[in-house]
Amino acid sequence: MNTNPTISKDRFEKIDKNVLFEGEKDYKSVSFSQDVWRRLKQHKPAMISIFILIFIVLMSLFAPLMNEHDAMTQIYTNSEGESNLKHTPTLTDNNWFGTDEFGRDMWTRTWEGARVSLLIGVIAASLDVVFGIVYGVIAGYFGGRADFLMMRFIEIIVSIPNIIIVVLLILVLEPGITAIIIAIALTGWVGMARLVRGQVFSLKNREFILAARSLGTKPAKMMSMHLIPNMVGPVLVNISFTIPFAIFTEAFLSFIGLGVPVPYASLGSLISDSRNFVTTYPFLLLIPATILTLIVTSFSIFGDGLRDAVDPKLRK
Amino acid sequence: MMGKYLLHRFIFMLVTIWVVITLTFFLMKLMPGSPFNEDKLPESVREVMLEKYGLDKSIPEQYFQYLTNAIQGDFGTSYITKGREVTTIIFERIGPSATLGLQAAAISIPFGVLLGMAAALRRGKMLDYMSVGFAVIGFAIPNFVVAVLLQYIFGGNHALFGLLDKPPLPVALWGEFKHTILPTLSLAFGGFAYYTRMMRSEMLEVLGQDYIKTAKSKGLSKRVVLFRHCLRNALIPIATSLPVFILFALTGSLVIETIFGIPGIGNELVDSVRDRDYSVTMGLTLFYSMLYIVALFLVDILYSLIDPRIRVLGGSD
């Protein structure tokens with residue numbers, strides 16, 4: 001019997017790792033994102049929603065270039081060509097979505113408005129993510145007293161009505177797109193922070209974290225390399241709900257006169273402007289309202305599908 | 001156990017109210033410009049004004065004054081309309097808001113619960129798909145769009161698409177019951193969709209529980225299982241959402257009141273934002289927040305009364 005603990009090198013043979021042994025099957029490894037995508041593809045409503053969203057995003061980028069009108073030019077002639085200080089909203093072949101009361105082209109204004117709404121939604125949601133992840137990871141990772149204080153702080157924020165914080169912040173920051181984004185982000189990060197903290201708590205006791213810790217991984221690296229990549233799924237799902245919420249909030253703000261400043265348009269401000277004409281020119285309301293509803297519905301259906309795809313156990 | 005839990009929540013509620021008052025005060029100090037900064041105002045008049053509203057004192061003194069006033073229910077005075085107190089505004093305006101809100105609640109909660117329940121019991125059938133579709137879309141249409149659409153349909157110049165001589169319902173009037181119909185429907189729409197969705201998922205959750213299986217296998221009749229075992233448990237979240245909903249009902253919707261020109265609190269808040277009447281905005285905000293915080297406290301109590309698991313495990317966190 002060989003009692004020598006070191007086995008001499010010549011007893012090992014180097015083989016090609018692609019060679020299959022008898023009875024062994026060739027499994028392709030499937031990454032997390034591929035797995036999610038595979039399940040998402042089977043969710044028909046989610047796929048339809050994603051196509052609608054892509055279509056709306058593309059239209060908001062390129063549709064304003066499709067005709068010769070721009071969003072700002074005002075026309076002060078009526079349909080008979082007479083000069084008139086008050087232009088009446090019209091639907092003509094020349095303006096695909098008609099014109100508003102200043103003779104501005106609604107096709108261009110609507111899609112540029114959709115762009116502003118989407119932009120506000122996406123930027124506000126991204127800020128939420130960054131802030132929520134930092135806050136949630138710190139609270140969850142360190143736990144104990146830090147977590148206790150940080151969570152009490154969140155509870156206080158949650159118990160102030162959201163819309164009120166937004167209104168106050170915009171008044172303080174002077175109305176404008178930046179103010180809207182900041183105000184929405186400042187109220188929205190709380191949900192994300194709670195979610196991330198919960199995730200950290202459930203991941204913290206898993207073996208791979210223990211392994212990383214016993215190898216001496218520093219907290220910063222632990223968070224960025226091991227914790228955050230493992231909660232991409234739930235975070236993505238949360239984003240798909242915060243974007244429509246932000247778009248909604250912006251529309252609401254436009255309605256109470258705190259939305260995007262005047263020459264610019266957003267879906268919310270278009271709907272708000274249409275209010276005085278709705279009994280006579282309903283198209284001014286219907287078009288932006290339909291697009292807004294499509295965006296919000298698509299995001300929430302897509303979010304549902306994504307949630308099922310990320311965590312099939314949750315499917316009910 | 002119960003007493004300790006409630007004490008905890010109560011202290012926390014007080015702390016939250018204090019934070020909100022402090023926050024509103026300092027936000028108000030941050031607001032651009034003083035209300036009496038007009039150049040035309042003679043220096044002496046300006047001083048009198050500042051003194052009258054206590055703005056000449058130091059910040060800590062003002063803060064202390066504001067805090068004691070707010071706790072006593074004095075939410076300040078309008079700087080723009082002379083002598084108009086926020087408390088008076090609230091008393092004058094809460095009636096219409098409450099009427100609308102309670103009517104909307106009376107429609108949306110029962111119908112939402114019924115539709116959600118029916119959908120859950122017919123899971124995967126036509127009715128289920130239709131109510132889920134309604135819930136998703138109903139939640140995605142902002143209530144102001146619903147409001148403006150209703151105005152168009154019932155108040156448009158087409159007089160209900162040529163069927164009638166004049167529009168059946170006024171677009172913006174207040175005083176009679178029929179004036180409340182359109183705003184109530186616009187308010188109820190979102191709530192209806194929300195409660196349908198909530199009730200459906202709660203019912204599905206409860207239907208999958210073991211105790212339902214036990215009840216069925218004991219040979220209890222369908223009716224008993226449904227009403228005594230399913231419904232009771234599925235209604236817990238609905239019951240606990242009531243305080244917040246009632247608060248929402250009392251204070252009204254900012255947008256709906258503005259659209260229909262209803263003299264309620266929400267409309268007043270929007271007006272004060274438009275007129276930059278900061279002290280009214282802040283006062284109403286404070287009132288809203290305090291009510292909301294108290295409502296959340298009630299939710300906690302209600303929850304722990306209905307569902308003993310919360311009491312034992314502590315907090316809904």
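A residue is called buried when its relative accessible area is under 20%, exposed when it is over 50%, and partly exposed in between (1.4 Å probe, protein chains only). Select chain A: buried residues make up 49% of its 316 residues. This is a predicted model, in which local features need pLDDT of at least 70 and side-chain atom pairs count only at pLDDT 80 or more, while totals for chains, interfaces and linings use all residues. Residues are numbered from 1 along each chain as its sequence is written, chains are lettered from A and ligands numbered from 1 in the order in which they are written, and side-chain values use heavy atoms, leaving out hydrogens and water.

**Stop 1: chain A as a whole**

Switch to the cartoon view. Chain A has 11 helices and 0 strands; here helices (H or I, at least four residues) and strands (E, at least two) are DSSP runs, numbered from the N terminus. Now colour by pLDDT, the predictor's confidence in each residue, from 0 to 100. The mean for chain A is 79, and 84% of its residues reach 70 or more. Select residues 44–62 of chain A to see helix H2, where confidence is highest at a mean of 88. Then try residues 162–173 of chain A, helix H5, where it is lowest at 77.

**Stop 2**

Side chains of opposite charge can pair when their charged atoms come close. A salt bridge here is a side-chain nitrogen of Lys or Arg within 4 Å of a carboxyl oxygen of Asp or Glu, and the whole structure holds 9 of them over all chains. Select A:Asp147 and A:Arg197, whose closest N and O atoms are 2.6 Å apart in a salt bridge. A:Asp147 sits in helix H4 and A:Arg197 in helix H6 of chain A, so the pair ties together parts that are 50 residues apart in sequence. Both A:Asp147 and A:Arg197 are buried.

**Stop 3: a pair within one helix**

Next, pick A:Arg152 and A:Glu155, a salt bridge with 2.8 Å between the closest N and O atoms. Both lie in helix H4 of chain A, 3 residues apart, about one turn of the helix. A:Arg152 counts as partly exposed because its relative accessibility is 23%, whereas A:Glu155, at 11%, counts as buried.

**Stop 4: over to chain B**

Select B:Glu268 and B:Arg93, where a salt bridge brings the closest N and O atoms to 3.1 Å. B:Glu268 belongs to helix H13 and B:Arg93 to helix H4 of chain B, so this pair ties together parts 175 residues apart in sequence. B:Glu268 and B:Arg93 are both buried.
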